[in-house]
Amino acid sequence: MERGEQDERFMREALAEARAAAAAGEVPIGAVVVHEGEVIARAHNRRELDDDPSAHAEFLAMTAAARALGRWRLSGCTVYVTLEPCLMCAGLMVNARVDRCVYGAADPKGGALGSLYRLHDDARLNHRFAVTAGVLADACAGVLSDFFANLRAGARADGDAHEAKRAAALRDGAGARAACCEDAPCAATPAPAPRVLLAIDSFKGSAMSAEVEAWAAEGIRHACPGARVTALPMADGGEGTVEALAEARAAAAAGEVPIGAVVVHEGEVIARAHNRRELDDDPSAHAEFLAMTAAARALGRWRLSGCTVYVTLEPCLMCAGLMVNARVDRCVYGAADPKGGALGSLYRLHDDARLNHRFAVTAGVLADACAGVLSDFFANLRAGARADGDAHEAKRAAALRDGAGARAACCEDAPCAATPAPAPRVLLAIDSFKGSAMSAEVEAWAAEGIRHACPGARVTALPMADGGEGTVEALHRALGGAIVTRRVAGPLDEQVDASYLLADGADGPVAAIEMAEAAGIEYSPCTHEAALHASTYGVGELLLDAVARGARRAYFAIGGSATNDGGAGFLQALGARLLDAHGEEIAPGLAGLRDVARVDLSAALAALQGCELVVLSDVDNPLVGARGAVRMYGPQKGLLEGCVDEAGAEERLVACDRWMVGYGRALDAARTAAGVPAGEGRPRFRSVLGVPGAGAAGGLGAALLVLGARMTSGASAVLDLIGFDAALAEADLLITGEGFMDEQTAHGKAPVGAAARAHRRGVPTIALVGGRADVLDDVYAAGIGLVLPIVRRPMALDRALSRDEARANLRAAGEAAIRAYLLGQTW
């Protein structure tokens, strides 16, 4: 029998258990455990029936399987369960050393094997196992949603009515994220409320410690209004830990690993326990786990609200998961467990806002005493008391007192080895830092810092652009091809060397042209005269050359222009005729538009026959008006030089915009006369005057539109052309960035375009920036998780832009970014 068929067969067995749960009034989740092709244990949810917070289907099935096999290790076993396991149950799978888990429906709100966590393949834990998801997923989700539909219809109305909101959403595709907190009205997932401890020294010469912390707190609360910012320590919980230590010593006397726990309710110990895994052959028999289930029996309810759990060693995933499920108020533990601890060391399950319960934690209470009872026990064990399985455990716990921690321990059945170094897959897609470094340089320098901090990191670099400066470089590195250099007309009549990319495409050669190569603002003194006479003629010459070399498609990056000529020079270079009332060619630049009476596009269209034009731009300005080319971009190119007051400036802008209106109408007439078709993806319009994007690059967008060009988002198109999505699919972290980040970044710029795609895939994004605006709410809302300014120390702008300082700054920023990511992984 094929594995897929076998999985479906056993999942049907689990579904039968789920239906039995429904018949008993329990949430319908079922599980079976298979060993050597046979079902050796089966169970369904019994939480309400037994008043037991641990009575989940797969948990009961695994403990029953251990009894059936007479051993706590479930090696050789596969667990089949109808709903993705929670943290508690997945933690038991780790502890019991199962071989594999197969589940049906995913649980986006609490699933620990793919949805919220991936405990099964966390290399930091001492066991990993295989997972197969989605087997008979519709049937598994269906039995849940049918149950809760009936429940809402009136079968029951109290506690499980809330659970209905959590599970009924599974079939509808919203997942359990639509659920509410256990005892509250239905509401959206609560906003995060992390507890932040500020302990910052003074910034000498600038601010005292209290000021530094107060200002930092302002930023914290702006980004996370629910944050609880404090520097007050919690109570130590010493008395409860003393009781737990007594239980730990009782465990040692019985030959068990000495970990003890008690549960306190209203100031009284209501349950106590110590480890019994070996005595009971039960992989769940951890001290705090046994104490919590005993406390539920003592209270006659599965919710342990109002209870504090005291335990001598930091709880593992299974036990911390039970604390979430049981809704404990607080946990106090003694010694930390760097190898498996889930309340601070490897994970922070107690304050994960994605889960449906959070609780307080106090760590390190009587830590030396708690570690000491463990190390003393294993020292005696090594001396000859026992020598088999627990000898391995000795390596894990004895190191606690000596300061090496449990990281010195070995995997259960393997030789001693260090915890594997992290090897995150990092995708770099950073735009150029204008005036300082190109995209490829920025990424190379950031990668140096990443590899310094994390030598195992696997770094992939994709040079980025958004249709402006650096677009040709980014496409060249992604598509290959050749850089072609031509001597063409600059914006002010002088000849300049300008380059473009010619590469092979799916339908023939493609060209990528940056208009700034031939008509960039760096060629202009930005005077009034320059603004009036700057021409795009050289841009047209580049396009003609590309077409002559066989280009079937030409991509235009049209940012950074020196021109305001509406693309008139570009059209003239292609052969179009732009005539005045006397039938003479108009003069170059914006000034020439004053005289245009007629435009003839026929020669230009003939020259471009067979070549598709694609404009890469995220500018949405029309050709004319308040947001048109003249008013929006003319002043920065020198158009208003010499104006002594606002009235004079306004008069000049009105006149120039009037010239652009006449030119636009002439383009409309020429387009109609030539019969330029509106092809797929091309904007449909009656007049080019108001088309979004027509005003880009001083109106060059309008000239391209009347030739039938297709306009597309620069950032999105570049991401597609460089293969960003395929690279992102193999990444754990995206690092993007640009020279200066402000709220405009959120509106079409490359970093946010990349971050939005990463956000949809669940990949976190960090942005490295040369500078940033004070407020970046729109940027964060668009998907960037952290913005890191790169400057290491105060310095002058010209120094920060130098290559040596830029490299040092980006190297330090790359190191900070990967350390921030790794810090997040430990939570």
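Setting aside neighbours within four places in sequence, Leu343 is in contact (heavy atoms within 4.5 Å) with Glu314, Pro315, Ala320, Met323, Cys331, Tyr333, Leu349, His350, Phe359 and Val361. This is a predicted model, in which local features need pLDDT of at least 70 and side-chain atom pairs count only at pLDDT 80 or more, while totals for chains, interfaces and linings use all residues. Residues are numbered from 1 along each chain as its sequence is written, and side-chain values use heavy atoms, with hydrogens and water left out.

Leu343 also turns up in the largest nonpolar core, a set of 102 residues in which Tyr117, Leu119, Leu343, Tyr347 and Leu349 have the most contacts. A nonpolar core here is a set of buried Ala, Val, Leu, Ile, Met, Phe, Trp, Tyr and Cys residues joined through side-chain atoms within 4.5 Å; buried means under 20% relative accessible area, exposed over 50%, and partly exposed in between, with a 1.4 Å probe and protein chains only. A second, separate core has 69 residues, including Ala551, Val661, Ala694 and Ala703.

Now for the aromatics. The structure holds 6 aromatic pairs, counted when rings of Phe, Tyr and Trp (its six-membered ring) have centres within 6.5 Å; planes under 30 degrees apart are stacked, over 60 edge-to-face and the rest tilted. Phe59 and Phe289 make a stacked pair, 4.8 Å centre to centre with 0 degrees between the planes. These two come from distant parts of the chain, 230 residues apart: Phe59 sits in helix α3 (residues 57-69) and Phe289 in helix α10 (residues 287-299). Helices (H or I, at least four residues) and strands (E, at least two) are DSSP runs, numbered from the N terminus. Phe59 counts as buried at 3% relative accessibility, and Phe289 is buried with a relative accessible area of 3%. Tyr117 and Tyr347, in turn, pair edge-to-face, at 5.7 Å centre to centre and 70 degrees between the planes. This pair also links distant parts of the chain, with Tyr117 in the loop between β4 (100-105) and β5 (130-132) and Tyr347 in the loop between β11 (330-335) and β12 (360-362). Both tyrosines are buried.

Further along, 5 strands form an open sheet with parallel pairing, in the order β14-β13-β23-β24-β25. Strands pair if DSSP finds at least two bridges between them. At the edges stand β14 (458-461) and β25 (786-789), each with a single partner strand, so one side of each has no neighbour in the sheet. From one strand to the next, the twist averages 25 degrees. Helix α14 (residues 439-453) packs on the sheet, touching β13, β14, β23 (733-741) and β24 (765-772), and its direction makes about 150 degrees with that of β13. Helix α27 (residues 750-760) lies across β23 and β24, at about 160 degrees to β23. Axes are lines fitted to C-alpha atoms, for helices over the stretch in contact, and angles run from 0 to 180 degrees between N-to-C directions. The parallel strands β23 and β24 are joined by 7 bridges, with Ile735 opposite Ile766 in β24.

Finally, helix α24 (residues 696-706) is largely enclosed by the rest of the structure, because 11 of its 11 residues are buried.
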